[in-house]
Structures are given as structure tokens and as C-alpha cells.
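Please look through the sequence and the model first, then read the points below.

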Amino acid sequence: PALSKKEIMDVIDFMDVDGGGEIDAVEFTSAVHAARRNEIDDEHILKMMLAIDNELKLKQIKIADLFRMLDESGDGSLSRDELRAGLQILVSSNENVEQKRALALARRQAAERKWKLSQEKSEEVKSWLDRPESLPLTLTALSPERAAAAMDE
């Protein structure tokens, strides 16, 4: 889901240690490291910061590289708009990853169920063929030798 303005403002306020209204690279890096060390008391902000950290890990991106990607203006700091847009992309990206994982898991489970049903059906047919009552009456009335010879014809 899209992030509310309040949620974005809460994260910006947390990151903006000097109160300047923009986030510099040091503040951004410090905030991500605080999340990694679980040093954030506010659960919602921790969740947002861990989403950023998760994105870094998933895409094997360094903190400094993510900061530069979010800094569209290239001025060395993240404005509220840049951070809001970046966080919304990161959160929706993480949801898409989770949706893809869930879909892959569902497909794998469906394939496993189909295989299991196929195996069960195969076992059922094999057990049916092993029972004498499943053979035609004419073959069961014959001696074993004659039944084998009749089967070979």
C-alpha cells in the first residue's frame, strides 16, 4: 500500500537528526545501521527502515548507492519528496517480491499435490491389479499355467 504523508514524515523526522528538513548521507546511513542493530523504538519506523535494509540485501546494493539512487536532484541530500517517492517504490517493490514468492510457493505446492495424487492413483491401480478378484473370471478359473499362457496370447 502507498505510504501516508504522516508515515513518510515520521521516517523523515527520525532520519533528520539535525532538523534541517532534508536527509544527508550520514543521517541516512546512520538510520539504516540503527535498524540493523534494532535500536529503533518505534515499531513502524523500524519496519520502514528494515524494508530499506531488506531492499539493500535483496538487490545487493550498498547504502551509499541506494542513497545516490534516491537523490534524484544529485544535491547530496534527500528532500521529503525524494524520500517519499523512494520509500513508496521500495515498499511496493518488497510487496511484489513477496507476492512473487507466494505465487511460486502456491505453484510448487499445486505441482506437488498433483504429483502426489498421480502417485496415489498409480498405487491404487497397482494394488487393484495385484488382487485376484480384479482379474477376469475366465482367467481366475484356469490353472496358473493356463492363465499365464492365456495372458501371453
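The model is predicted. Its protein chain has 7 helices and 2 strands. The order along the sequence is α-β-α-α-α-β-α-α-α.

**Overall figures**

- The protein chain has 153 residues, and 29% of them count as buried.
- The accessible surface of the protein chain is about 10600 Å², and carbon and sulfur atoms make up 56% of that surface.
- Among contacts in the protein chain with a separation of 6 or more, 58% are between residues 24 or more positions apart.

- In α1, the buried residues are I8, V11, I12 and M15. These residues lie on the same side of α1, because they cover an arc of only 100 degrees around the axis.

**F14 in helix α1**

- F14 also belongs to helix α1. F14 counts as partly exposed, because its relative accessible area is 28%, which falls between the cut-offs of 20% for buried and 50% for exposed.
- Apart from neighbours within four places in sequence, F14 has contacts with A31, I40, I45 and M49.
- From C-alpha to C-alpha, F14 and D42 are 9.5 Å apart in space, while they are 28 residues apart in sequence.

**D16, a buried charge without a salt bridge**

- D16 sits in the loop between α1 (5-15) and β1 (23-24).
- Which side chain of opposite charge is nearest to D16? That side chain is R80, at 5.0 Å. D16 is buried and has no salt bridge, because a salt bridge needs a side-chain nitrogen within 4 Å of a carboxyl oxygen.
- Not counting residues up to four places away in sequence, D16 touches G21, E22, I23 and E27.

**Salt bridges**

- How many salt bridges does the structure hold? There are 4.
- D53 and R36 form one of them through their side chains, with an N to O distance of 2.5 Å. This pair links distant parts of the chain, since D53 is in helix α3 and R36 is in helix α2, 17 residues apart.
- K57 counts as exposed, because its relative accessibility is 55%.
- Through shared partners, salt bridges join R36, D53 and K57 into one network.
- The side chains of R37 and E39 form another salt bridge, at 3.0 Å from N to O. E39 is partly exposed, because its relative accessible area is 48%.

**N38 in the loop between α2 and α3**

- N38 is in the loop between α2 and α3.
- N38 is not a glycine, yet its phi is positive, at about 60 degrees.
- Is N38 buried or exposed? N38 is exposed, because its relative accessibility is 54% and the cut-off for exposed is over 50%.

Note on methods:
Residues numbered from 1 in each chain as written. Predicted model: local features only at pLDDT ≥ 70, side-chain atom pairs only at ≥ 80, totals over all residues. Heavy atoms only, no water. Helix = DSSP H or I, 4+ residues; strand = E, 2+ residues; numbered from the N terminus. Buried < 20%, exposed > 50% of the residue type's maximum accessible area, 1.4 Å probe, protein only. Lys, Arg positive; Asp, Glu negative; His and termini not counted. Contact = heavy atoms within 4.5 Å. Arc of directions from axis to C-beta. Areas by Shrake-Rupley, 256 points an atom, 1.4 Å probe, with all protein chains shown as cover.
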